[in-house]
Amino acid sequence: MNIAAFCRVSTDKSDQLNSLEAQKSFFIEYTKKNGHNLVRLYADEGISGTKTKNRKEFLRLMHDAQHGLFDMVVVKDISRFARNTVDLLQNIRTLKALGIETTFLTSNMTVLGQSEFVLTIFGALAQEESANTSKRVKFGKRMNAEKGRVPNIVYGYDKTRGDYFNLAINEKEAQTIRQIYEWYLTEGYGASKIANMLNGKGLKTKRNCSWSQNAVCRILSNELYTGKIINGKQEVTDFLTGTRAERDESEWLVTDRPDLRIIEPEQYARTQQILYERRCAFRVKRRRQSNKYLFSTMIQCKECGWSFRRTVRTYQNTYIRWVCSGHNGKGADSCPNAVTVDEGELIRALEGYFAEILKNKKNVINHVVKEMKRAYKAKSDSRDYEKKLNFEVARLKKARQKYMDMYTDDLISRKELNEKVGGMKSEMERLENDLKLVRSHLDRDGRLETIIKETFRRIEDVASIQEMTNEQLKKIIQKMEVDKDGNIDIYLRLFRDPGWDKAF
């Protein structure tokens, strides 16, 4: 008889893999002893028996059964075939319908012509054993988490010899981590650009792979680098499907380990703010973060909010132009802005713009200071305005807390929570900045004039826009907006607190 044998181990540990080899040897001996023809031995290594979809060899066995490659399937034990009772019965029924016998050797059980009752009992026992194993694993992980142990492999750290659960800083990798944060915070590079730069230097990840955008983002969002170990953010709610659920922050297990600090908490906090702002900018304002070309993400459509993208056309000469992503990608129905901005012309226009405002530097400074004083004096002299700002801040905080409470009580999902509070944070920051300006009377102590002069000093340092990088230009220009008539508004960046910008 043509037979197929199936065996499986649930982990890739050496003792389990040795067990797998023993199972293989057993089936080879079994077929010789009984005079069968072993068509194929199917073996899943390091795969759980609770989910069929991840078991490639098992799926291959079922596929080959459909094509009649064998007449019987031999399995040493029911738990090797499946630890999910539903999957066990479904697959046994499929083989039955094909006229293929299934034999479980340790229980001396064959399926064809037999009742499913006993098989269901054995399957339920196998599933319960898996459930108990899951509970033991969860308990062990919780105990390790409470002791501040880190069992996984993390870039920037090495495992302490003889102590699998503790880490020691790898100074060479730590230097790379500091460089990643420096590039992101100071130079303004995006995660994709940083990944390309690391690959260009020939650096590899902890698993000796090339760097990717996701790998860099994991570095930028891992709080372990501040010396804080956080466990228990998620928990497995169904061991059969592997479904995970987010846990409330109050249930996280946090351990402070200053000896593992590579990045200062302040740097990490600023990084999270930038990551959040860039995600919001793309989700809400349709703006990506890119540093690839001189004007990447700097030119924005005033009609639809999408960034302009770079196009290159070569016919006798090469033409580099920028067009609205919304209009160019989705058509006129999406955005009416069909304006094409020539890169060379824009560079010359910017150089002329800088030359003009530098020539009238004194008048520009006096005008801006005067207008700022007039605008904020009117607001700061009004107690009603300050009271209104305080009321709006309190209202937003109350609304945000309401949605947070609803999420905690499982009334809304995390996705719904993000949709509700996503725009509140930026609005609260804007209102709080207005409050600071009203309360601090910035225009009374001369700091505003100093800030504007610093902006002009940086403009004076520009030798040639053509030779600048995107990061350097972004330190001077916040954005350029183009309307459907071809008018371009240029917004300069004032050098005060990060994120406080004003257009001229």
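1. Glu 481 counts as buried because its relative accessibility is 12%, where buried means under 20% relative accessible area, exposed over 50% and partly exposed in between, with a 1.4 Å probe and protein chains only. The model is predicted, so that local features need pLDDT of at least 70 and side-chain atom pairs count only at pLDDT 80 or more, while totals for chains, interfaces and linings use all residues. Residues are numbered from 1 along each chain as its sequence is written, and side-chain values use heavy atoms, with hydrogens and water left out.

2. Glu 481 lies in strand E16, residues 477-482; strands (E, at least two residues) are DSSP runs numbered from the N terminus, as are helices (H or I, at least four). Its side chain makes polar contacts with the side chains of Lys 479 at 3.2 Å and Tyr 491 at 3.5 Å, a polar contact being a pair of N or O atoms within 3.5 Å, of which, within protein, one must be able to donate a hydrogen and the other to accept it, and residues adjacent in sequence count only if both atoms are side-chain atoms.

3. The largest nonpolar core has 30 residues, among which Phe 295, Ile 477 and Met 480 touch the most other members; such a core is a set of buried Ala, Val, Leu, Ile, Met, Phe, Trp, Tyr and Cys residues joined through side-chain atoms within 4.5 Å. Elements that each supply at least two residues of this core include E16 and strand E17 (488-492), while helix H11 (343-359) gives the most, with five residues.
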